[in-house]
Amino acid sequence: MMQTRTRETYDTPDVTFFETGTPGAGQYHCPSCGYGITIHAPLPICPMCAGTVWEQVSWTPFARALEELQTERLRSIRSPERTSQA
Ligand SMILES: [Zn+2]
């Protein structure tokens with residue numbers, strides 16, 4: 001039975017992929033090598049790995065603030081409360 005797959009791969013929030021030649025507007029990065037570009041022209045072939053797919057990076061101020069908030073929270077969680085340290 002192969003039906004008990006977890007949904008781990010669906011954890012990525014709203015990611016859109018664009019192929020080389022698609023008119024670009026904004027920031028993109030190559031999912032294969034992580035190379036990032038900012039472009040307002042047809043998407044090129046990745047100069048690093050010759051990949052032909054780009055992942056759009058959305059830079060909304062809200063998303064950024066949220067990310068910072070989560071980082072902050074994560075930090076406070078990861079630092080254990082060692083008040084009983086003598
Ligand atoms: Zn690449």
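Why does Ser58 count as partly exposed? Ser58 has 13 C-beta neighbours inside 10 Å, so it falls in that class (buried means 20 or more other C-beta atoms within 10 Å of the residue's own, exposed 12 or fewer, partly exposed in between, with C-beta atoms placed from the backbone).

The model is predicted: local features need pLDDT of at least 70, side-chain atom pairs count only at pLDDT 80 or more, and totals for chains, interfaces and linings use all residues. Residues are numbered from 1 along each chain as its sequence is written.

Keep Ser58 selected. It sits in the loop between β4 and α1 (61-78); helices (H or I, at least four residues) and strands (E, at least two) are DSSP runs numbered from the N terminus.

Next, select strand β2 (residues 26-29) and strand β4 (residues 53-57), which run antiparallel and are joined by three bridges; strands pair if DSSP finds at least two bridges between them. Gln27 is opposite Val57 in β4, and His29 is opposite Glu55 in β4.

Now select β1, also antiparallel to β4, with three bridges between them. Here Glu19 faces Val53 in β4.

Finally, show the whole sheet. It is open, with four strands in the order β1-β4-β2-β3 and antiparallel pairing. β1 (17-19) and β3 (36-39) are the edge strands, each pairing on one side only. From one strand to the next the twist averages 40° (axes are lines fitted to C-alpha atoms, for helices over the stretch in contact, and angles run from 0 to 180 degrees between N-to-C directions).
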